Amino acid sequence: MALATGVLLMLVKFAAYLLTNSNAILTDAMESIVNVVASGFAFYSIHLAARPRDQNHPYGHGKVEFFSVFLEGGLIFIAGVLILGKAVYNLFFPETLGNLLEGIGLVAFTGVVNFVLGTYMVRRSGELNSLTLHADGKHLQTDAYSTVGLLVGLILMYYTGWTWIDAVLSLGLGAFILFSGYKLLRKSIGGLMDESDVELVGKVAGILQKYRRDDWIDVHNLRVQRYGHELHIDCHVTLPNYYNLNKVHDEVSAIDGLINSYLHANTELFIHADPCIPTCCRYCRVKNCPIRSEPQQKDIRWNKANISENKKHF
């Protein structure tokens, strides 16, 4: 749907450019080419990311979504550079404009369609936990917002006759598009480099803190990796050292079940169980512990800052 709509809107925008000869409208039309190419690759990447794990891809195929976002961001960035170049050229060599009212109508139509479709895709991306859908939806929303600015400028030109507004609009939109491309590139590179998602780590820490058991003495070295719509989490959990293997397994399974119940994403956990040591007693909540060496002195609350530290929280 996004691909077919993108092709239609691209044709409408180029028709508006041919009617008006406006460099600002051409700017919007050039970005639509990016929308079409990006939507095509996004369709393929979502299909590939949904494939099950296999022997060659034990973590699944979800990482391809970061490549999709990288391609989209790169194309947007290149489009922004080209748009800025043409805008600067038209500052010195302006073109004659015409049929602004008809162009305004066509551009307004594309803006409304982009915003409705973008909002739908962002909402669906949350339900499906798809980075590609989210990026594509945000791109369409950004396109709609830039269209609003474009319309304001075109209306001003229509009523005032100030043709220099066209070049200024093109410069502003080009800079905005350039910045949008940079943000997508930054996000995709961060994902490919397994950059820590601080917000996601905070959500996991909040779930563990809210529903923690007394015998989960400590959680640390927690790391989250995103593979498309799936998450992989590994961490260290400190448990009483007198627990047998069956009891340790039960507690680890309880943590796994808790995260998968409240995180709203398919999550695979790798949990390393640590035995408690005497210095853990000062923050241990276990009641009637048979090996306690000192009373509990403080209570440690897990958050996104301390749960990622690679050490027990003494």
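A contact, as the word is used here, means heavy atoms within 4.5 Å. On that basis, residues 24 or more positions apart account for 72% of the contacts in the protein with a separation of 6 or more. The structure is a predicted model, in which local features need pLDDT of at least 70 and side-chain atom pairs count only at pLDDT 80 or more, while totals for chains, interfaces and linings use all residues. Residues are numbered from 1 along each chain as its sequence is written, and side-chain values use heavy atoms, with hydrogens and water left out.

The overall architecture comes first. The protein has 8 helices and 3 strands; these elements are DSSP runs numbered from the N terminus, with helices (H or I) of at least four residues and strands (E) of at least two. In sequence order, the pattern is α-α-α-α-α-α-α-β-β-α-β. The C-alpha trace spans about 90 × 40 × 25 Å along the principal axes of the protein. The radius of gyration of the protein is 26 Å, whereas a compact globule of 314 residues would have a value near 20 Å. This radius is taken over C-alpha atoms, and the globule rule is 2.2 Å times the number of residues to the power 0.38.

Accessible areas come from the Shrake-Rupley method with a 1.4 Å probe, and for residues only the protein chains shown count as cover. The accessible surface of the protein comes to about 15900 Å², and 64% of it belongs to carbon and sulfur atoms. Of the 314 residues, 48% are buried, where buried means under 20% relative accessible area, exposed means over 50%, and partly exposed lies in between (1.4 Å probe, protein chains only).

Charge is considered next. The protein carries 27 positive and 28 negative charges, and their mean positions are 7 Å apart. In this count Lys and Arg are positive and Asp and Glu negative, with His and the chain ends not counted; the place of a charge is taken as NZ of Lys, CZ of Arg, CG of Asp or CD of Glu. Side chains of opposite charge can pair when their charged atoms come close. A salt bridge is a side-chain nitrogen of Lys or Arg within 4 Å of a carboxyl oxygen of Asp or Glu, and by this rule the protein has 6 salt bridges.

One of these salt bridges joins the side chains of Lys247 and Glu251, with an N to O distance of 3.1 Å. Both residues belong to helix H8 (residues 245-262), where they are 4 residues apart, about one turn of the helix. Lys247 counts as partly exposed because its relative accessibility is 32%, whereas Glu251 is buried, with a relative accessible area of 2%.

Other pairs lie towards the end of the sequence. The side chains of Arg282 and Glu294 meet in a salt bridge at 3.7 Å, N to O. Arg282 and Glu294 both lie in the segment after strand E3 (266-275), so this pair ties together parts that are 12 residues apart in sequence. Arg282 itself counts as partly exposed, at 28% relative accessibility. Asp299 forms a salt bridge with Arg285, and their closest N and O atoms are 2.8 Å apart. Both of these residues lie in the segment after E3, so the pair ties together parts that are 14 residues apart in sequence. Asp299 counts as partly exposed, at 37% relative accessibility. Salt bridges that share partners also join Arg213, Lys247 and Glu251 into one network.

Several individual residues complete the picture. Lys13 lies in helix H1 (residues 2-20) and is buried, with a relative accessible area of 1%. Leaving aside residues up to four places away in sequence, Lys13 touches Ile25, Asp28, Ala29, Ser32, Thr110, Asn114 and Asp143. Asn266 lies in strand E3 and counts as partly exposed, at 48% relative accessibility. The C-alpha atoms of Asn266 and Leu231 are 6.2 Å apart in space, although the two residues are 35 residues apart in sequence.

Asn221, in strand E1 (residues 218-227), has a phi near 50°, a positive value in a residue other than glycine. Asn288 is not a glycine either, yet has a positive phi of about 55°. Asn221 is buried, with a relative accessible area of 9%, whereas Asn288 is exposed, with a relative accessible area of 79%.
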